[in-house]
Amino acid sequence: MSTHAAIAAHANRAVPGYLVSALAMSSNAAVGAVQPRNPADPLAGLGHAKVYERETTLFSEGDDAGSVFRVMSGMVRLYKMLPDGRRQIIGFLQAGDMMGLAFAAQYLYTAETVTVTTIQRIPRLELDALMDAQPAFARKLLSATTSELMAAQDQMVLLGRKTACEKVATFLLRLSDRKALGGGDERTIDLPMGRSDIADHLGLTTETVSRTLTKLKSTRLIRILVGGKLELLDRDALADLASCF
């Protein structure tokens with residue numbers, strides 16, 4: 001199987017994220033313009049970037065999938081609607097993440113901005129040409145999609161086997177780990193999404209999420225800060241809690 005075909009297969013198997021984390025990205029990309037080629041960021045010269053206001057739909061489940069998208073700044077939620085009308089949020093994307101990588105005729109989920117967000121839209125044909133021209137980049141993309149498949153499997157365990165406290169602790173630690181990968185302070189994380197978003201991601205009710213955060217606060221595991229931020233006061237204790245089944 002070619003690397004290109006393998007990426008397509010992995011992206012369609014990943015349930016249900018289809019996103020790639022932390023691909024190299026130019027730190028000074030200008031909004032609204034095609035960027036020059038950058039060896040450290042092969043995607044920089046593709047497509048165009050645009051700023052979207054919060055709560056803007058980028059694409060909907062079932063739309064024709066003619067492009068892939070990369071988050072340059074801000075946050076995006078991905079979700080699917082269940083047959084009974086409930087919403088299942090399958091992930092929150094941040095800078096460097098990609099969406100729409102499944103090589104299917106239609107998008108398999110809906111993408112909405114959580115905050116004011118800068119998005120790079122890349123026509124699929126341009127991405128195909130880049131992967132054909134740069135096999136090393138295609139292999140990097142395959143590695144990233146493999147990691148996302150593993151993350152999707154972890155998410156199924158999270159939804160199916162953990163208690164509310166364990167789910168919330170795991171969620172907070174994932175945000176902390178992601179921030180640390182970007183060179184930020186892992187003790188303080190951003191929570192721009194609402195409690196209902198967290199609930200729909202973890203398979204809980206909004207009330208349960210609120211009660212659980214209050215419990216973690218009262219036991220001095222976390223401190224809730226102003227401006228949609230949260231501080232992890234005892235990361236080791238949270239890790240112990242998250243690892244319990």
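The lining of the second largest pocket is made up of eight nonpolar, seven polar and four charged residues. In this grouping Ala, Val, Leu, Ile, Met, Phe, Trp, Tyr, Cys and Pro count as nonpolar, Asp, Glu, Lys and Arg as charged, and the others, Gly among them, as polar. Before we explore further, note that this is a predicted model, in which local features need pLDDT of at least 70, side-chain atom pairs count only at pLDDT 80 or more, and totals for chains, interfaces and linings use all residues. Residues are numbered from 1 along each chain as its sequence is written, and side-chain values use heavy atoms, with hydrogens and water left out.

Let us stay with that pocket for a moment. Rolling a probe the size of a water molecule over the atoms shows where empty space is left. Here the search uses a 1 Å grid over the protein atoms alone: a cavity is a set of points where a 1.4 Å probe fits but cannot get out, a pocket is an open set with protein on both sides within 12 Å along at least five of seven lines, and lining residues have an atom within 4 Å of a point. Grid points are joined across faces, edges and corners, and a volume is the space filled by probe spheres set on the points. The second largest pocket holds about 480 Å³ of space. Its lining has 19 residues, and Gln 94, Ala 95, Arg 178, Lys 179 and Asp 190 lie nearest the centre. Two elements give two or more residues to this lining, helix H4 (164-181) and strand E9 (188-190). H4 gives the most, with four residues. These element names come from DSSP runs, numbered from the N terminus: helices are H or I with at least four residues, and strands are E with at least two.

Now turn to the sheets. Strands of a sheet pair through backbone hydrogen bonds, either parallel or antiparallel. Two strands are said to pair if DSSP finds at least two bridges between them.

Six bridges connect E4 to strand E5 (residues 87-93), and the two run antiparallel. Lys 80 has Gln 88 in E5 as its bridge partner, while Arg 77 stands opposite Phe 92 in E5. E4 and E5 form a hairpin with five residues between them, and Gly 85 in the turn has a positive phi of about 95°. Four antiparallel bridges join E4 to strand E7 (residues 110-113), where Arg 77 stands opposite Glu 112.

Buried means under 20% relative accessible area, exposed over 50%, and partly exposed in between (1.4 Å probe, protein chains only).

Six bridges join strand E3 (residues 67-73) to strand E8 (residues 117-123), with Val 71 partnered by Ile 119 in E8.

Finally, visit two loops. Most residues other than glycine have a negative phi, and most peptide bonds are trans. Glu 55 has a positive phi of about 60° although it is not a glycine; this residue is found in the loop between strand E1 (48-52) and strand E2 (57-59). At 41% relative accessibility, Glu 55 counts as partly exposed. Arg 220 has a positive phi near 60° and is found in the loop between helix H6 (206-218) and strand E10 (222-224). Arg 220 counts as exposed, at 56% relative accessibility.
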